[in-house]
Amino acid sequence: MEEFKTLFDQIKSKIENAKSIDELEKIRVEIMGRNGIITSLMKKIPEMPIEERSKFGKDVNDLKEKANKFLSERMILLREIEERSKAFQKYIDLTIPGPLRENGKIHVINQVINECVSVFSKMGFDVVEGPEMENVYYNFEALNTPEWHPARDLHDTFYITDSILLRTHTSPVQVRTMERRKPPLRIVSAGRVYRNDYDATHLPSFFQIEGLAIDQKISMADLKGTLENAIKSLLGEDKKIRFRPHYFPFTEPSVEVDVSFGGKKEWLEILGAGMVHPNVLRNVGIDPDKWQGFAFGMGIERIAMLKYGINDIREFPRNSLKFLRLF
Amino acid sequence: MKISIEWLNDYIDTGKDIERLAEDLTLSGSEVEEIERPFERINAVFSAKVVERKAHPNADNLIVCRVDDGNGLHTIITSDKTVSEGDFIAFGSCQKASDVNGHVVEPLEIRGVKTDGMAFSLQELGLEAHSEGIFKFEKPVEVGVDIKKLLDLEQTVFELEITPNRPDCLSHIGIARELSAVRRTKFKIPKPSVDFQQGDFPVLIETDKCLRYVALTIKGVTVKDSPLWLKRRLSSVGLRSINNVTDITNYVMMEFGHPVHAFDLEKVNSRIVVKDAKGGEKFVALNSKEYTLNGGETLITDGENILALGGVMGGKYSGISLQTKDILIEIATFDPVNTRKTSRKINLSTDASYRFERGVDPNDTFDVAKRIAQMVISISGGKIDGIVDVYPTEVKSKKVFISREKLSSYMSFTPNENEVEEIFDYLGIKVSQNGNGWECIVPTFRPDINQDVDLVEEFARIHGLDAIPSVMSMPFVKGESNSWWEFKNKLRTLSTSCGYFENVNYSFSDPKVEELFGDTFKRGPKLLNPVSPEMSLMRSSLIFNLIDSLSYNVKHQENNVKFFEIGKAFEEKEEERISFAATGAVSTFDYTDKRYEDLLIFKGEIESIFKNMHIDFEFSNEDMAGFENGRCGRILLNGKKIGIIGQISEKVNEFFDVDTPIYVAELKIEEIFKNLRPFRYESYSQYPSSFKDLSMFVKKGEIRAAEIFKTARNSSEYVQDVRVVDLYTGKGVPQDSYSITIRVTYNSVKKTLSDQEIDSAFSRLMELLESMKGITLRKVR
C-alpha cells in the first residue's frame, strides 16, 4: 500500500507543478496514456494471484479517479490563468491620454455674432450685409446726421477721401436695405465698424450687430419685447434690464438699454435703440405716416466681455492661440 | 456736465434722497454717470485762532504762529506776512489733516522750528486755482469747527451725460425743468427786477451767423476776488475762479446755459461790429494762444481790433483785468454750424462753443441780462449804463402737431390726455387740443423738437419707459435667404474641423509688409487719418495680418500654428476672402501623427475643406513676389483664377522672424459662392468595384500631374475614381522625377464588370500613359 501512496504523491506533485496546459497534457498522457503509469499498473493485474487482484484493481481505480480529478482541476485552473493572461495582453489603460485631433475654434467674436444672429433669426430677422468702405451719405446724411451735426463728435471717423469713409456703425446697411427692399421688413446686420480711437479700452476697428424692423403698427412695446427677449437669450433669463431715454440722430424716441449683472456698478449699458426717425424713412422713400418701426445696435466685443468675463478688449484682435483655444 | 445739487436747490426742492434724484434724472434721459463729492478728501481741517505771531528766528521770509484749534496750541510756519494775531484761519494737524487732493499734512522742520500743523489756503481747499496766502475768515468764528461745515463744503455733484440734442440741459435751470416734469412739481427761474435804460452804444451785426447781440454796459465796477459762495459753486462744477466779473459770467452760463462774455469797455473802441472773418487775420485769445483765422469765423470787433472769436473765446486784449472799471457784457446767440466749424478748424473747444454749436436760445437773453446785472451790481458794484439789443430776425416758437393716434401707436396704449398735457406743460410746451390731437407751441430753448415723434419722445421719457409694456406682437414677415451668411459659417466650421483656428485681425495693413509682396496684390486705399503708419493702408490681402499673428504666436511658444480668417480685402474693390496660414506640425496633440506641414499637405487640407461643399479646384504653378519660387501658384475654379497658394519666401520669413516654413492660401469666396451649383443627387452603383494600382516615374516640369489624372479619368467610361495611394522621391527614383502610384476604381451602375472589361480598360490606360512624355510606368498590380 505504501507503494500506492508514494505513487499518488508523485502524480499529485507532477500535476500541481504543471505550469501550462501543454505541460499538463503531457503529464496526462504520462499518467493516463496507453503507456502511462495507470495503464501499466492495469496491465499487471492478470499476472497477479487471484486473491490480490480485486484489492489491487480497486486501488488502481482509486488512483485513476483521484488522478483524473486532480488533472481536471488543474486544467480548469490553468485555463483560467491562460485566459487571464490573454486578457491582460488586450488590456489598455483608458487613462492614457488619447492622441488628440485638435479641431480649430471659431473666433469668439464670430461665435457671439452667430449667437446673436440665431437669436434674432428665431424672431424673424434675416441677415443682410453691407460694405465697410462707405459713402458719407450712407454713414451720416441718410441717417439724419448732416455735416457739422454735434452727434458726429461721437464718431471719430477714418476717411479714405472726403466723401468715402470707413463705416462708423452698421447702420448704413439699414439704409441700403430699405432702398432695395420694400417694407414690411425685419433684418439684422453684423459686421466690422471703425472708429479712429485706439487705447486700452478702444479698438480702431470692432464689431456691431444692428437690427431693423419696419411694419405698419410696430410700437415701442415691440421694441422693448424684442430686445428684452434677445438680451435674456444671450446673457441669461435672470438678468434685469432697464430702458433709458437717450439720443441718436436716426431714431426718435431713442433709448439705451442697461443690464444688471449685480456687480459693483449696477447698470451696464449694452445697446442703443429707438424708433426709426421719420427723416430716415423719408430719405429712402418710405412714407413715415404709413410705416414705422424700430432699430437697434450693439457692440459684439462688449457682449462677449460681459458674457465671458473678458476684461481686456485687446485680446480680440491679438489672436493668441492661448486665448482662441479657450472658447 | 456737472450739476451741483446745492445749486439745483435754488430752483427746485430736490429732496434728501440723492440716489432717487440720480435715478429720476437718468431715467428721463440725463444720465448721471457719476455722483461726486468734490471736497470729500478734505479731512480734519478746523477753524483756529492765531494767538501768537512771531518772525521766524532764523528765516527772514517766514512767520511762526501759535494757533488755538480748541484742542490746544499748535505751531505753524507760513510765508504769508499778512497774517496777524487774532486772525481766524483753517488749521490741520500733521499726519491727520488732508487737503482737497487728499495730501496729508506732513511735519516740517525749518531752521530749528518744528511745525505740528498747517494753515490751509483756498487753493488747498479746492476753492481757487492759485492762492497768494493762507485763508482767513472775514469775521470771528468758533474755533475747532470742521471747515467743511463752516465753508459749506459737504457738496454733492452729478456728472451728467447730456445728449447733443439737449443744449437746454447744459444748465442748472434746464435740469431743474427736467426734474420738475418728472416729479410734476414747480420750479422757479430767478427773475430779478432790473430796469434797463436803452443804451446808445453802437452795435452792428454784419453777418447772418450772429442771430442776436445784446450789449449790456455797466460802469464803475470793482474787479476783485469773488465771494466764497461763488468760488464754491464754480469749483464744485469744475470751473476755476478768476475774478468776480468773469466768475459771474461763468456762473450765469452754468445757470441758464447761455454763454456770455465780459469785455473791458475801455478796450472797446466805441462800438461793436460783428462780422465774418476774411481769412488770414490773427487773434490772441484769452488762453494767450495766437490763432490765424481761415475766413468765415464770426468776429466780434470794435471796427479796428478783434475783441473775440464769437461763440468760442474772448480776446486777451479786451479781457477783464483787475484794473477794469467799466464793462460791456455780451449776451449773444451764434449760429450752431458756424460755431462748430470755427471750433473744429482752429481746434479750440470751450464751454461756450460746446453750447453754441448745440443751439442757444436767443429768447432768454433779457432774463440772462437781468440776472447778470443784478449779480454784478451786488458783487462787483457799479451802475448799469445801458443795454443795446440787435435782433435782426426774431426766432419764433415752432408749432408742432401730434395726433392721438400717432402717440398711441408708438406707445402701444392710449395715454391719459390730462397726463399728456401736464407733461408738455411742465416741459414748457404750450399745449392745446385741436381736432384729433394736440397743437404744441415749442419753446425756443428746445431746438430738438421739430415733428410729432419728437413730442412722442417727450411724453415717453417723462411718463417713463418702464411703464411701456413689453410685447412681441409683430406680424410674420417673409425674409430673404441667408445662404451667403450660411456659406461663410459652413466654411468656418469646415476650416476648424481641419484644425484651423479662426482669426479676427484688423483690416489695416503696413505698407512695409505689402511691399514685401511686390505686385502680387494690388495696393488698397490709403487712410487720410490712420492711427499709425503701420496701419495706414486698407489691406489688399488677409495674409499679411494672418502671418503677423502667426508670428506673434510662434514667438510666444506656439510652434504649430494653423490659422484662417474670413474678411474683407481691399484690392481693386472691397471683397470678402478666406485666407489660411500654417506652420509647424500638422497636428499638435496627435502623438501618432509626426507629420509637419508641407505644401502638399497644406494644399490637401484646403482642398478637403472645399470638397465637402462639392467645390473642386484646379491649381497651376506660378511664381509670385513674396513666395518661394516653384512652390506657389494659382487656385482656379472652372478655369478662372480665384485664389493663390504657396510657401512664403525666406525673406518674408525673416521679416516676421519665423524659422519654420509658412504656407498660405487666399481665396475669393464671393466668386466661389457665385459659382456654387445646386447639388443634385446621382444614384451610386450597386455593383462591386474593381481597383487597379499603377506606379510610374514622372519627370518634374515635363508633364503636370493634372494631365495624368485627366488621362486616367477619360480612359474609359468605367473609371469612377482615380486617386493617389503613394508619392515618393528619394532612393531608387531619378533625381528629376518623382514616383507616384495611382489607384483607378472601375465600376458601372448597370452591371458587374467582367475581368475582361476591366483588363481591357486598364491596358488602354497603360498604353495612353506610356505614350505620354515624361512618364515611365513601373509596375502593375
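The legends below describe close-up views of a predicted model. Residues are numbered from 1 along each chain as its sequence is written, while chains are lettered from A in the order in which they are written. Because the model is predicted, local features need pLDDT of at least 70 and side-chain atom pairs count only at pLDDT 80 or more, whereas totals for chains, interfaces and linings use all residues.

**View 1. The side of chain B that touches chain A.** Here 74 residues of chain B are in contact with 61 residues of chain A, contact meaning that C-beta atoms, placed from the backbone, lie within 7 Å. Elements giving two or more residues to this side include α7 (336–345), α13 (483–497) and β28 (561–570) of chain B; helices (H or I, at least four residues) and strands (E, at least two) are DSSP runs, numbered from the N terminus.

**View 2. An open sheet in chain B.** Seven strands follow the order β25-β28-β29-β33-β32-β31-β30 with mixed pairing, where two strands pair if DSSP finds at least two bridges between them. β25 and β30 (618–621) of chain B stand at the edges with a single partner strand each, so one side of each has no neighbour in the sheet.

**View 3. Strands β29 and β33 of chain B.** Strand β29 (residues 574–583) of chain B and strand β33 (residues 663–668) of chain B pair in the antiparallel sense over six bridges, and B:I578 stands opposite B:L667 in β33(B).

**View 4. The two domains of chain A.** Chain A is divided into domain 1 (2–90) and domain 2 (108–324), with bounds from an automatic or database domain assignment. Taken over C-alpha atoms, the centres of these domains of chain A are separated by 92 Å.

Terms used: Two residues are in contact if their C-beta atoms, placed from the backbone, lie within 7 Å.
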